[in-house]
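Colleague: I am new to this structure. Could you take me through the sheet and the helices?

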Amino acid sequence: MEAARQVAEEISSVLPLLQGEYIVPKNAYEKALCEQLQWQVFDNRYYDAFNGRTYIEIKKGQGGMHFDMVRYAELLLGQGPPDTMTVFFRWKKKEMRIVEAFVIDTKALIDFLCIDKQYALLYLKVKAQVPRGVNILASATAKDLRELACYRVDETGIYATPKVKTQQVIIQNKRKWTQKSIKSFLQKKRRSNDKRSILYYFF
C-alpha cells in the first residue's frame, strides 16, 4: 500500500471520532488528533506525527490555511525528512467536528506555493538577515487543498485525485503568478497613483 493511501485509511477509520471540545482550539490540537489516530506525536519543526511509516504535518482549518514559506523552503533544500505528507483537516466550528481530511504530498504543496531553489534561498536569506524571527506566509483555500490532495477523506469514504488533475492545479497557480508583473501588481495595490500624495506609498 502506498504511503498516502495508508494515511487516508487510518483517518477514515476514526473520522467519526474526530469531534468534541479538543477540535476547537486554534493551536495545540495535534496531540489529541494523534491519540485518536494512534500516531506518534512530535514537537518538530518539520512534522507533527509519525504513523510508523510516514512523517506527517497536521493542519486544521475551515476555509483554508496559511503556510510558512521559510519552513517549506527549508524542506525543499533538504532540511527535515524527505517524502513527508501534509494533512489538512477541515472542520465545522458549530458542530465541533472534522468533516474532511486532505492527504497531500508535501512536494506537491511546495510546487503549488511556487517555491523553487532560487526563492527558497531568498527566503532563508531574509530569515538570516533579520535580528529575530520572520513570518513569510502564503495562503491556500480549502478548494486549492482539496484539488492538491492525493486522497480526500469524508464520512462517505476515500476518494483519490488523479495525478494529472493535481499537476493542472499546480501549473495554473504558477501561471497566475508569472503572468503578473511587479509593476501591474503595485498599480493594483497602491492607495493612490499620485506620487505627490502620501497614499501613493501605502498598499
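The turns below go from the sheet to the helices.

Modeller: This is a predicted model, in which local features need pLDDT of at least 70, side-chain atom pairs count only at pLDDT 80 or more, and totals for chains, interfaces and linings use all residues. Residues are numbered from 1 along each chain as its sequence is written, and side-chain values use heavy atoms, with hydrogens and water left out.

Colleague: In the open sheet of 7 strands, what is the order?

Modeller: Strands are DSSP runs of E of at least two residues, and helices are runs of H or I of at least four, numbered from the N terminus. Two strands pair if DSSP finds at least two bridges between them. The pairing in this open sheet is mixed, and the order is S1-S2-S3-S5-S6-S8-S9.

Colleague: Which strands stand at the edges?

Modeller: A strand at the edge here has a single partner strand, so one side of it is left without a neighbour in the sheet. The two are S1 (40–41) and S9 (157–160).

Colleague: How many residues of strand S5 are buried?

Modeller: Buried means under 20% relative accessible area (1.4 Å probe, protein chains only). S5 covers residues 85–92 and is mostly covered. The count of buried residues is 7 of its 8.

Colleague: What is the bridge partner of phenylalanine 88 in S6?

Modeller: S5 pairs with S3 (residues 55–61) in the parallel sense over 6 bridges, and lysine 59 has phenylalanine 88 as its partner in S5. With S6 (residues 97–105), S5 pairs in the antiparallel sense over 8 bridges. In S6, the partner of phenylalanine 88 is phenylalanine 102.

Colleague: Which residue in the turn between S5 and S6 has a positive phi?

Modeller: S5 and S6 form a hairpin with 4 residues between them. The phi in question is about 55°, and the residue is methionine 96.

Colleague: To which strand does helix H1 run at about 5°?

Modeller: Angles run from 0 to 180 degrees between N-to-C directions, and axes are lines fitted to C-alpha atoms, for helices over the stretch in contact (heavy atoms within 4.5 Å). H1 (residues 3–14) lies across S3, S5, S6, S8 (151–154) and S9. The strand at about 5° is S8.

Colleague: At what angle do helices H3 and H5 pack?

Modeller: H3 spans residues 69–76 and H5 residues 117–129, with their axes 9 Å apart. H3 is oblique to H5, as the angle is not under 35 degrees (roughly parallel), over 145 (roughly antiparallel) or 65 to 115 (roughly perpendicular). The angle is about 125°.

Definitions and conventions
Buried < 20%, exposed > 50% of the residue type's maximum accessible area, 1.4 Å probe, protein only.
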